[in-house]
Amino acid sequence: MDSTLRLQLTILPPTLVVSQVARTDLDKIAFGLLQILVLERNSDEDRFVSVTDTGNEISVILDETNAARFNNNGVATISGVQYKAFQVAGEGSLGFALTGIVQSISEPLAKANISIFYLSTFETDFVFVPIQHVLLAVSVLRQRFSVQVEGYDEAALPAQEPPIVTKPSDVKRHPLCIGNSSYYLASLPKDIFDTVGTSLLKLLFKPESGRSFFSYTETSTSVSDEISIIMDQNDVKYFHEDVINVGTEGWKLIKVGESPLGFEEAGIVSSISSTLS
């Protein structure tokens, strides 16, 4: 990564949880999810919603209140981990050409044995940190970046850089699988949701058979306000080119592991991003 690039990380207000639903059970949580996506989207409250369909399962990232409500029938499996999202910002748009951003953020967190997961959208990136490790993560990341902290006691931050407890030999090896399809990152203006809502809901709840990946992320906070989609070429056709901004470069999907990875292992993001960087 260009050493002159300056990044700022801001902790978003919502406390988030990750839920998992089997693809075959989507109809059982559809009503609750529709309420959150459509009926409450104009709420004044801070908002973070992400829905990812891998073909076999659906992962949903929501704030605690909405996660509990959309799963009122108990179909979804809700992780026991609460997260805070760190939004990554640079001097202008991060774009798609810069390399090393993920590695520069994930490496020091892995060395501090902090497990994370990482999400990129059209405009920015998000790093999700377990809530019990937020203060430690702030201390670690401030060694390299500016970190904006709101709602936390600054006096509780460690005074010294935390010890490095993760060694290269501690990182497990996971098999990687590269898919054949190409995926495109796109953004939509939030004020045209009513115009494209039918297409979005069809892609979320009635996708074409054989689709292996689709991701929808919507944020509405003081520092982030966007709808971002990752989809294959077949899904792009559902939107008129005048209302959607689609990246021109196709991306390949790399699946990590042959079984669920869980939320405790640190270093997965770092080990892959450092190799690619």
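**Local and overall features of the predicted model**

Asn113 is partly exposed, with a relative accessible area of 44%; buried denotes under 20% relative accessible area, exposed over 50% and partly exposed the range in between, computed with a 1.4 Å probe on protein chains only. The structure is a predicted model, in which local features need pLDDT of at least 70 and side-chain atom pairs count only at pLDDT 80 or more, while totals for chains, interfaces and linings use all residues. Residues are numbered from 1 along each chain as its sequence is written, and side-chain values use heavy atoms, with hydrogens and water left out. Asn113 lies in the loop between helix 3 (101-111) and strand 7 (117-120), where helices (H or I, at least four residues) and strands (E, at least two) are DSSP runs numbered from the N terminus. The phi angle of Asn113 is near 65°, a positive value in a residue other than glycine.

The protein chain contains seven helices and 14 strands. Of its 277 residues, 47% are buried. Contacts (heavy atoms within 4.5 Å) between residues at least 6 apart in sequence join, in 78% of cases, residues at least 24 apart.

Helix 1 (residues 26-39) and helix 5 (residues 193-205) have axes that come within 12 Å and cross at roughly 160°. Axes are lines fitted to C-alpha atoms, for helices over the stretch in contact, and angles run from 0 to 180 degrees between N-to-C directions. Helix 1 and helix 5 are therefore roughly antiparallel to each other, since angles under 35 degrees count as roughly parallel, over 145 as roughly antiparallel, 65 to 115 as roughly perpendicular and the rest as oblique. From helix 1, Leu26, Ala30, Leu33, Leu34, Leu37 and Val38 meet Phe193, Leu201, Leu204 and Phe205 of helix 5. The residues of this contact comprise ten nonpolar, no polar and no charged; Ala, Val, Leu, Ile, Met, Phe, Trp, Tyr, Cys and Pro count as nonpolar, Asp, Glu, Lys and Arg as charged, and the others, Gly among them, as polar. Asp194 is also placed in helix 5 and, at 74% relative accessibility, counts as exposed.

Glu265 is located in the loop between strand 14 (251-256) and helix 7 (268-276). Glu265 is buried, at 18% relative accessible area. Apart from neighbours within four places in sequence, Glu265 is in contact with Ser115, Lys172 and His174.
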